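I opened this entry to record, step by step, what I looked up in a structure that was new to me. The notes go from the whole chain to its parts.

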Amino acid sequence: MAGLYIHIPFCNSKCAYCGFYSLPSLKLKERFLEALKTEIVARKGYLHGETVNTVYFGGGTPSLLSIKEISELLHLINETFPVGIGPEITLEANPDTLSLEYLKGLRQLGVNRLSIGIQSFFDNDLKYLSRRHDSNHAKQCLDWAKQAGFSNISIDLIYGLPTSDAEQWNRNLDLFFELGLPHLSAYALTLEPNSILTKQIELGKVPPIKEEDALRDYEILCRRAAENGYLHYEISNFCQRGMHSKHNASYWFGTPYAGFGPSAHSFDGASRQWNESNVAHYCEAFSAASRHCEERSNPGQKLPSLDCFVVPPRNDEKRVQGPIVEIEQLTPEQLYDEYVMLRLRTHWGIDLKYMKREMGERFSTYCEKQAQPLIAQGRLSQTREFLYLTDAQMLFADGVAEELFWDN
Ligand code: SF4
């Protein structure tokens, strides 16, 4: 089993709160798609023939790609990797890019899961976040998505907004539950260091955010999700039974995945790779390396192998800088830390039996010993061989994980 992630680094404009690297222009789109296709083929052997069960278009705004462009990428993926029967194919979309015709086109291509950046059903919130859509269009898109044949729909909502109060947040959740959508990703608004919102707040142009608003909304969110039968399966994610994101769950279960595009990460079970994040550099580097590789080692071959892009680790260094792709060989201790960090964020929690079997007794014994004071303090819970966080404890997952890390 394996997953594929395709990063589309373009947006129509920059949202005030956004801390992600994305370009608010499509000028580089053609060049980017060429580089992306080169990378997909170059990574052909990366997953060692594992069957691909999930494909995820993330961004940025993947719905800025045309139906034809998405079709070409899916076609290439099917030619390059052994894709299983009925894979989960998710596309992140922003309402300002959607139409009924476009959504029907996606469905016909086999895209079967949508993750739509609604963020709020209230215009004052959307204005504060400088989103391009309004609440009516948000509702219209969800109607279109259903008409187009999508049933596996997730939306993003943001809480802890100074433009909202408990009543408005409850109304947002009412609308979500009334729509009967199977999945919700809900995030607390945070101030990213270089975001427009951070500067606006510093200059006193917009009201600041308050931690207590986020805590209040989080408590409402957890309670109402449980009342409505949704499983809180990851800190920010809620779903109806069996409707969790299979792609994202594969990250938490250590399933290998290949990531394509600027800043995308890949993991093969033993090492992690991550790509150059600057779009122009990514395009140039892949084109140049492709030319160089073709001349140097693969004359006559149309596209180079991944080896041309990655600098392999040397014996004396665990991590090296490559021109396009960085690689880090993970030690057993790093794999342990990663397992602890990822699994604590989920309702599945840390499985001590699995840890003992797969990583060795020294890790499971260490983890259990480190857990005892945290359990006594009420910061961590244990049922049989599982260590996990309750709704209330989940907000502090990072601090708990740090205390379980190796060599804490
Ligand atoms: S659409 Fe998403 S990625 Fe693009 S600027 Fe807005 S928040 Fe950032």
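**Entry 1, the domains.** I began by noting that this is a predicted model, and I kept that in mind for each entry below. I then looked up how the protein chain is divided, and found domain 1 at residues 2–252 and domain 2 at residues 332–404. Taken over C-alpha atoms, the centres of domain 1 and domain 2 are separated by 29 Å. I also looked up the contact, to which domain 1 gives nine residues and domain 2 likewise gives nine residues.

Which elements each supply at least two residues of the side of domain 1 that touches domain 2? I wrote down α8 (211–227), β7 (231–234) and α9 (246–252). Of the side of domain 1 that touches domain 2, β7 gives the most, with four residues. When I sorted the residues of this side by class, I had seven nonpolar, one polar and one charged.

From α6, the residues A166, W169, N170 and L173 meet R216, D217, I220, L221 and R224 of α8. By class, I recorded five nonpolar, one polar and three charged residues in the contact of α6 with α8.

I next turned to helix α13 (residues 361–376) and helix α15 (residues 397–404), which pack at an angle of about 135 degrees with their axes 9 Å apart. I therefore noted α13 and α15 as oblique to each other, and their crossing as right-handed. On the α13 side the contact is made by C367, Q370, A371 and L374, and on the α15 side by V400, E403 and L404. The residues of the contact of α13 with α15 fall into five nonpolar, one polar and one charged.

Which residues are around the ligand? I listed C11, K14, C15, C18, F20, S22, G59, G60, T61, N94 and G117.

How values were computed
Residues numbered from 1 in each chain as written. Predicted model: local features only at pLDDT ≥ 70, side-chain atom pairs only at ≥ 80, totals over all residues. Near = placed C-beta within 6 Å. Axes fitted to C-alpha atoms, helices over the stretch in contact; angles between N-to-C directions. Parallel < 35°, antiparallel > 145°, perpendicular 65-115°, else oblique. Left-handed = near helix turned anticlockwise from the far one by under 90°. Contact = placed C-beta atoms within 7 Å. Nonpolar A, V, L, I, M, F, W, Y, C, P; charged D, E, K, R; others polar. Domains from an automatic or database assignment.
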